[in-house]
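Trainee: I would like to go through this model with you. Can we test each term against its cut-off?

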Amino acid sequence: MSALVPSEKRPAIKTPQELVHIKHRISLMQYKTWVLMLRAYRAAYEEKGASLGDEDFCYLPMDKFAEHLGYQPKKSDVEHDMEAIRKEPIIFNVLNKDGSGEKGDEGRRGVGFITSWYVSTNRIGVAFPRIIREAIENLDNRDTIFHLLNWQIFNSFTGKYEAIIYKLCKDYIGVGKTPYMTLEKFRAYMG
């Protein structure tokens, strides 16, 4: 999740593994927007060399956003998507690969994908909850499990479920199989 570079030059997105396995009900476009904003946060973190605070926004220029998507979205659609991901609770680390359990619903404390947003014709901005910021900031920690998502493949999906299955299978390359889970847990994982 380094500096924003066109997908031809940097097709892989380094993403904290616990943020790959999440339960949510957002649309595919909303999820793509969130992933791009995670990249923007990582770039801001690397540039500043320090964490952003609870109310600090990270920004992505609208032209870069459109470049990553492959088209120019309407501002009103982006605003709608940002509000949807602000309101949606997130449960992450669902498959518990690092042994630390699901996060985001401890003790009835709600955690959202973002805490606030800003959209203009020139840029998009978000503020992330502390727990999401910490996951992004710890990407270089040698004990951190991370995942490389191919943006070109991920962005080509037209349905949410194919993107979720891609992430699940991609994460288990080399293992030969995904973990067993009940049908109820699989349905919850798929959203």
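Trainee: Which residues does Arg133 touch, not counting residues up to four places away in sequence?

Mentor: Arg133 touches Tyr41, Leu52, Gly53, Asp54 and Phe128. Contact means heavy atoms within 4.5 Å. This is a predicted model: local features need pLDDT of at least 70, side-chain atom pairs count only at pLDDT 80 or more, and totals for chains, interfaces and linings use all residues. Residues are numbered from 1 along each chain as its sequence is written, and side-chain values use heavy atoms, leaving out hydrogens and water.

Trainee: Why is Arg133 called buried?

Mentor: Its relative accessibility is 7%, so Arg133 counts as buried. Buried means under 20% relative accessible area, exposed over 50%, partly exposed in between (1.4 Å probe, protein chains only).

Trainee: What does the side chain of Arg133 reach at 2.7 Å?

Mentor: The backbone oxygen of Phe128. Arg133 itself is in helix 5, residues 130–137. Helices (H or I, at least four residues) and strands (E, at least two) are DSSP runs, numbered from the N terminus.

Trainee: Which residues of helix 4 are buried?

Mentor: Val78, Asp81, Met82, Ala84 and Ile85. They cover an arc of only 160° around the axis, which puts them on the same side of helix 4. The arc is that of the directions from the helix axis to the C-beta atoms. On the other side, His80 and Lys87 are exposed.

Trainee: What makes strand 5 and strand 6 a pair?

Mentor: Two strands pair if DSSP finds at least two bridges between them. Four bridges join strand 5 to strand 6, and the strands run antiparallel. Ser116 stands opposite Ala127 in strand 6.

Terms used. A polar contact is a pair of N or O atoms within 3.5 Å; within protein, one must be able to donate a hydrogen and the other to accept it, and residues adjacent in sequence count only if both atoms are side-chain atoms.
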